[in-house]
Amino acid sequence: MNTALPALVPALPALGAAATFATGRRAPRFARPLAIVPVVLSGVLALVTALQLGTGRTLDAATRLTPTGGPDISLAIHLDGYTSLVTVLVGLVASCVQIYSTAYLRDDPRYPSYAALVSLFTAAMFLVVYSGDLIVLLVGWEVMGICSYFLIGHHWETADARSASLKAFLVTKLGDVPFLFGLFLLGADAGTFRISGVLAAAADGRLAHPTLIALLLLAGVAGKSAQFPLHSWLPDAMAGPTPVSALIHAATMVAAGIYLVARLLPVFLLSGAALVVLAVMAAVTMIGSALCALAQDDIKRVLAYSTVGQLGYMAGALAAGDREAAVFHLVSHGAFKALLFLSAGVLIHAAHTNSLSAMSRMPWLAERVPDARWTLGIGLVALVGLPPFSGFFSKEAVFTAAEHAARGEALTNGVGPASGVPEAAGWIVLIAAGLTVLLTAAYATRLWLLAFPGRRAVALAGAVVPRGEAAEGHAAALADTGEDLPVAASSTATAPSVHATEPAAMRWPLWVLAIPAMGFGVAGLRPNWLPALLDGGSLRPSLATAVLGTGLALAGVLISYAAWRTVTARAARAAVAEGAPAPQSTDATDPGRALLGPLYGPAQHGFGVDRLYERLFVLPTVGAAKLVRFLDREVVEGYVQASGGGARLLGWAVRRAQTGNAQTYLSALLAGVVLIAVFVAVGT
Amino acid sequence: MSILAAAGSLAPATRGFLSPTGVEIVFVLVGLAVLGAAVISVGTKQLVHAALWLVVALGGLAIEFLLLTAEFVAWVQVLIYLGSVVVLVLFGLMLTKAPIGRSPDADSGNRWVALLVALAAAGTLVTLVVDAFRTSWIDLGSGGGSASVTGASLFRTWVLPFEALSVLLLAALVGAIVLSRSRQAAVPKPRPGKLRAGKPVGAARAAKSPSSERES
Amino acid sequence: MHLAYPAVLAALLFSVGVYGVLARRNAVLVLMSVELMLNAVNLNLVAFDAWLRDALHAGQALTLFTITIAAAEIGLGLAIVLLVFRTRGTPDIDRLTALGDRVAERQNSADDTADASKGQAVS
Amino acid sequence: MNLLDTLLRCVAALVVFLTFPLIIGQTEHKVMAHMQGRLGPMYAGGFHGWAQLVADGVKFAQKEDIVPADADRRIFQLAPAVSLLPYLFVLLVVPVGPHGFVGQAVDAGIFFVLAVMGVGVIGKLMAGWASANKFSLLGGLRTAAQLMSYELPMVLAAASAAMAAGTLSLTGIVDAFHWWWLPWQAIGAFVFFTSGIAELQRPPFDMPVADSEIIFGAYTEYTGLRFAFFLLSEYAGILVVCALTTVLFLGGWHGPLPDSLGWLWTILKTFALAFVVIWLRVTYPRLREDQLMRFAWTVLVPLALLQLALTGIIKVAISQ
């Protein structure tokens, strides 16, 4: 097969982006086709490329870009099963997001630039996936970073968006600096920047500093994929438009770090320490983010923390040495998380708020957005990992990998020696993953219950309130809260009539994404299909872990539901006891508070990581800046002003001499002449 | 060097300063008069007197020229300086309303500095000159500066500078005429839309002043 | 005759002229002092012409040139002085400070406020 | 040339200086009277009032010597002497007859004459300025302007004669005279004589002393002997100018009679010219100041330059 087709895949969205940038201001009506067509086309091309490549084959093509002093940099393409899988996912999600965005940002005056940036972002992601050269990969990597910066800051009128975009940029760059050094070290050790060359060097054991390289690269991966301790940008990045969250922060950019480690896994396998670090990182990320997600009120932040946690799963799979599982989970997660975000977007679009507690007071919401309700449910189930949804299978693959690694027989699938994976890493990942399954189920249930309380909440309230007064009380509650929620004030009676207001372009991408979210996991069952595309290892869930995982998930769901029932009933009773119409406050019906107890407060604020960072980095930096400012203003400027003042004083003295009186000048002149004459005479 | 050798007077002279010749005595006396007149001329507070003392000084210098056998130069000195330059100076003083009697502000505030500089210059120059020419002797032959000799050298050797000088004089003549011409006709009409201060300050006075100033 | 006599006389005369140029306020008197200096030079030229017995009489010829130039100079100088007197109403050199620094000039004008025409550009 | 000889010549020049102007003055009295058809002074001394000038002198000597209160006293008193003395020096060098019949032969005689005569103007300026009188000052300024203007054509005309003779010496010029110089140097003679009259501020060039405009110019404040000195300087000036014209342009002592009587010719010619001066005074009205200046610069100077060119051309022509 020729290389033109894969080359076109990143080129098309890039050209589309350039065209949109060029014409967006003058001809905004071309923006939509220019945004959708290239992305969809390149998605189709990616699919075609993947089909042409088939299974088990790889393609390497390279053009040397320019001779350099050190290792050459070449325009290289590397195609294999992983790239096929990830590009298809990217193409699918990007197409859905572009289509969805046309409706979501219909009235946005900056839509052209938004669409162009999304296209450019897509192109960069394709480049990262296809690239066979580390430097070219870095180019795509950084382009993604800057596009992410712009897209998070799309609503730059708000302070949140500005600070979030800056934070995302700075934190990811913080990771990128060691990442760059890691790449250089890798290239220097291997003598080439070609990935194939690097992998060959790793296989031959020619890498002199594998641990150092792995740790440096991990920093970049942690930044990009939002792993602890560089995860804090991702929840804040939810200030961007929801489709962007779906695209960037669920399916693609954050996956880039995982994808890179998967590509360079042989290098990591050379260093057990790096794998343990990765495992610890993944474990902390998983548990911490799950706890945080349980305490969030903003639906998008819940999803963001869940993303962080799922990325922790992938990192854990990599720490266990099984990149197959990691990429499997990456793809399935990409699908269901994009679905979740887009559904949440519809929900937000309809409710005009991000707040879960506010949604919980809109019982009509479920009727108004049935598509979103269903797809959100599908996505949540996939997230929890109940069979037979995709999340179950991919998560079981991770569990299996961790279990094997814990037993010392890691499923490296021939990428490296199984002994390269320390057992500790396996154990850490296994235990953390188990705990996280429980927590994930809990917060997913909480999300669902809070977003769609539906008739159950009314029924619960009605159990304690006399029947006749139930509807009346509910209506009164609505009217009572209606002051700060104008949409809610339209009351239950009007809600069904506006059913069709969500545009079709926002609804049907949900269903498109729902299909892989439900069915993709089955692909892992066929040994000669998906595994063949990857490394060829088994992706079947083992019985023990499957039972364990499902059990934990069900337990989480049940615990969460029980907590919810308890608190809702208690709140209703309290309302009756006070004799007033029940004010259904946020805290009262939130099962998360009951479940977390004292941890609720810290978890709501991300365990104070941001505050810690502020103490550790921001304050010293500000202090140093103040010091520098002081030095500049008072010390350096002092010299400048002193020289200026000195010159002025000198000038004042000199201008005193310029009286305009010719005789004075002449006197000085002649006196000088006499002096010179005397000196010359005496000197000779 | 050949000229110096021709002078032949660089050798130590036998003549002493204590046995002056008659010419030397006259020269020194007239020189004292010239110097005194010059000092009064630059020192007096009566402006016109200064010009008249200048006449004395310049006339004395003409005599010194005669004593140095430069006859033609002496008469030119009388003709040009006494006959023209001083007359012009007096003319200028009178046109600038020089008062009769002492002018308290004849000297500027710079006078002490000026005195210092002048004394320093005098000291330096006299020291230098005395040191250099203590023993030099001038052989005053007759006829060295007669009109025929001077004229011959002027029109044979120095004719080109002489002609150049005539151009200079013409230029000076034209310049003086242009400078002293009445400016009244030269005032441009005020352009529309542009404010002007009115007539130049000197215009009214220029009309009164005599238009008879001419270069001799 | 000793060369020292005319040379010393010329030096002293020149210094007197220097004093006059530097100390006199009236521009006409300054011009006169310049004439004194020129004459001192003339005396030197004539004396050295006689001393060197110059066959070309360069000294005397140069003296004549100097006298001519002095005449031209005094004519032009007086024309300028008269023009200044006409426009400014004063022949005093130390009041013609239009090229001086404004601060210094303001102090001068504070000394004698009577001079209204000062500070104006020469028309 | 011993000391006695020099002294004698000086005394002789002084005598001439003291007597001849008186004669000219008396002549003026009588000639003007006759030309204006009146008698003039007739009684002093008897015959046609010949002693009138002596009587005038006595009268001047008797008058009080007044110095104005605001005047610059010393300069006021010095001015007549400065005005008078140059003519005395000039008379010293004017040759009267051949063979050294001259007060003092000067090598660059013509140059000397012109230079010294130029000094006289200073006296008039001094008088005008020192009188502390605006008419005097105006008169002094007019004098200065007029003398400066007319000196140039005068010098140029004299230079023409010197060129023709090839010498600056007055004696040499007379020696070189030929009869055909008369037509050759006619223009020069006219220019020289006219400029001379203007230098003397004689009518019609007497704007500096115009009594109807500025009273008596620089002499307004003068009385007595000092005023007499100014008058004397005027008549001495007539004598000098006429004598110089004679010497330069009219051939001096050349005449039909033998050389021993050459001095007679000189004196005759001089007095004839003096008569012309008096005649002009009676004939022409006073010029205006601007007319005077224009006459000098637009008529006399070009004429003098023309004469110079003519002299040069013919000189070159006959020398080949």
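This is a predicted model: local features need pLDDT of at least 70, side-chain atom pairs count only at pLDDT 80 or more; totals for chains, interfaces and linings use all residues.
Q: How many residues of chain B and of chain C take part in their contact, and what area is buried between them?
A: The size of an interface is often given as the accessible area lost when the parts come together. Here the area, taken with a 1.4 Å probe and summed over both parts, is about 7700 Å² between chain B and chain C, with 75% of it from carbon and sulfur atoms. Contact, meaning heavy atoms within 4.5 Å, involves 99 residues from chain B and 72 residues from chain C.

Q: How many salt bridges and polar contacts are counted between chain B and chain C?
A: A salt bridge is a side-chain nitrogen of Lys or Arg within 4 Å of a carboxyl oxygen of Asp or Glu, and the count between chain B and chain C is 0. A polar contact is a pair of N or O atoms within 3.5 Å; within protein, one must be able to donate a hydrogen and the other to accept it, and residues adjacent in sequence count only if both atoms are side-chain atoms. Between chain B and chain C there are 8 residue pairs in polar contact, both residues being at pLDDT 80 or more. On the side of chain B that touches chain C, H2(B) gives the most, with 13 residues.

Q: How many residues and what buried area belong to the interface of chain C and chain A?
A: In this case 16 residues of chain C are in contact with 10 residues of chain A, and the two chains bury about 1100 Å² between them, 50% of it on carbon and sulfur atoms. The largest share of the side of chain C that touches chain A comes from H1(C), which supplies 4 residues.

Q: What span does helix H1 of chain D have, and what does it pack against?
A: Helices are DSSP runs of H or I with at least four residues, and strands are runs of E with at least two, numbered from the N terminus. The expected span is 1.5 Å times one less than the number of residues; helix H1 (residues 3–35) of chain D has 33 residues and reaches 47 Å from its first C-alpha to its last, close to the 48 Å expected. Its buried residues (under 20% relative accessible area, 1.4 Å probe, protein chains only) include D:Phe17, D:Phe20 and D:Ile24, and the buried residues of H1(D) pack against helices H2, H3, H10 and H11 of chain D.

Q: Why does A:Ser289 count as buried, and what does its side chain reach?
A: A:Ser289 lies in helix H13 (residues 272–295) of chain A, and it counts as buried because its relative accessibility is 5%. Its side chain reaches the backbone oxygen of A:Tyr305 at 3.5 Å, and a polar atom of that side chain lies 3.2 Å from the backbone nitrogen of A:Gly309.

Note on methods
Residues are numbered from 1 along each chain as its sequence is written. Chains are lettered from A and ligands numbered from 1 in the order in which they are written. Side-chain values use heavy atoms; hydrogens and water are left out. Buried means under 20% relative accessible area, exposed over 50%, partly exposed in between (1.4 Å probe, protein chains only).
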